[in-house]
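Subject: Structure handover

Hello,

Here is the structure I promised to pass on. Please open it first, then read my notes below.

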Amino acid sequence: MKFETIVMEINENIMIVTINRPKMLNALNSKIAEETIYALQEADKNDNIGCMIITGSEKAFAAGADIKEMREHSFAEMYQLNWFAEWDQISQIRKPIIAAVSGYALGGGCEIALMCDIIIASKTAVFGQPEISLGIMPGIGGSQRLTRIIGKSKAMEMCLTGRLMDAEEAEKAGLVARIVSNEILMEEAKNTAKKIASFSKPAVQMLKESINRSYETSLSEGIRFERRLFHAMFSTIDQKEGMLAFVEKREANFTDK
């Protein structure tokens, strides 16, 4: 696929998607969705890639959805088109995804970051769900994922008032894993991605699946699910290699088997 709205780069064992509509502050449209999802799915199938990064520009990760693209649609059209449903495919990606966020991550931009597994933010990052000011509400999972991550009260306040959250508050609320300076944001994101990609891919993917399951089931069922995956890992060559390397005091040589 020839990309028009993103830049896709493979760097050793990681893949980086950069949203590239700078004049529109990376406002999300259907083309960005199509290209981003295609790139992620291709990376998910690529045996050489162990982790992905989604990022934007220094000014904006993505400052919302493209209002001009959807403003004239009727309810019937939005329903029949199932607007935004394509973004749900990100949640089906099995390999970890890191959001490297600088500047505005608003509306759809915030929601795409929430769909990623780890958010690393620069000091200038700003998060928000300001859709209420447009007479609408989040449509890519913002009201659901934000509530699960930062709690009902903060999510209600952000969604009902449109208040924005800076990087420091986002880290305290558990939305962001880590804050770094603008200058080293991508370096930190790449280092984290390469660290993840250096481990056994089956183990990494099962661990991601287990953590995500914690949002969708009871604690007792989640613990049983985790334990079964833990047991299953003892059928892999990587488990034998990882434990042997520990005993022999050397680096493990994982083969993803």
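**Strand pairing and the open sheet**

Y104 has V126 as its bridge partner in β8. This is a predicted model: local features need pLDDT of at least 70, side-chain atom pairs count only at pLDDT 80 or more, and totals for chains, interfaces and linings use all residues. Residues are numbered from 1 along each chain as its sequence is written, and side-chain values use heavy atoms, with hydrogens and water left out.

Strand β6 (residues 104-106) and strand β8 (residues 126-128) run parallel and are joined by 3 bridges. Two strands count as paired if DSSP finds at least two bridges between them. Strands (E, at least two residues) and helices (H or I, at least four) are DSSP runs, numbered from the N terminus.

The open sheet has 4 strands, in the order β4-β6-β8-β9, with mixed pairing. β4 (60-63) and β9 stand at its edges; each has a single partner strand, so one side of each lacks a neighbour in the sheet.

**A nonpolar surface patch**

Y104 turns up again here. With L25 and L164, Y104 forms a nonpolar patch on the surface, and together they have about 230 Å² of accessible area. Accessible areas come from the Shrake-Rupley method with a 1.4 Å probe; for residues, only the protein chains shown count as cover. Patch residues have over 30% relative accessible area and no salt bridge; like charges are joined within 9 Å, nonpolar side chains (Val, Leu, Ile, Met, Phe, Trp, Tyr) within 5 Å. A salt bridge is a side-chain nitrogen of Lys or Arg within 4 Å of a carboxyl oxygen of Asp or Glu.

L164 sits in the loop between α6 (152-161) and β9 (165-166). L164 counts as partly exposed because its relative accessibility is 35%. The cut-offs: buried is under 20% relative accessible area, exposed is over 50%, and partly exposed is in between (1.4 Å probe, protein chains only).

**Two loop residues with positive phi**

E12 is not a glycine, yet its phi is positive, about 55 degrees. E12 lies in the loop between β1 (6-11) and β2 (14-19). At 63% relative accessibility, E12 is exposed.

N82 also has a positive phi of about 55 degrees and is not a glycine. Its loop runs between α3 (75-81) and β5 (97-101). N82 is partly exposed, at 48% relative accessibility.

**Helix α10**

I223 belongs to helix α10 (residues 219-232). Its relative accessible area is 34%, so I223 is partly exposed. R213 is 10 residues from I223 along the chain, and their C-alpha atoms are 9.6 Å apart.

Best wishes
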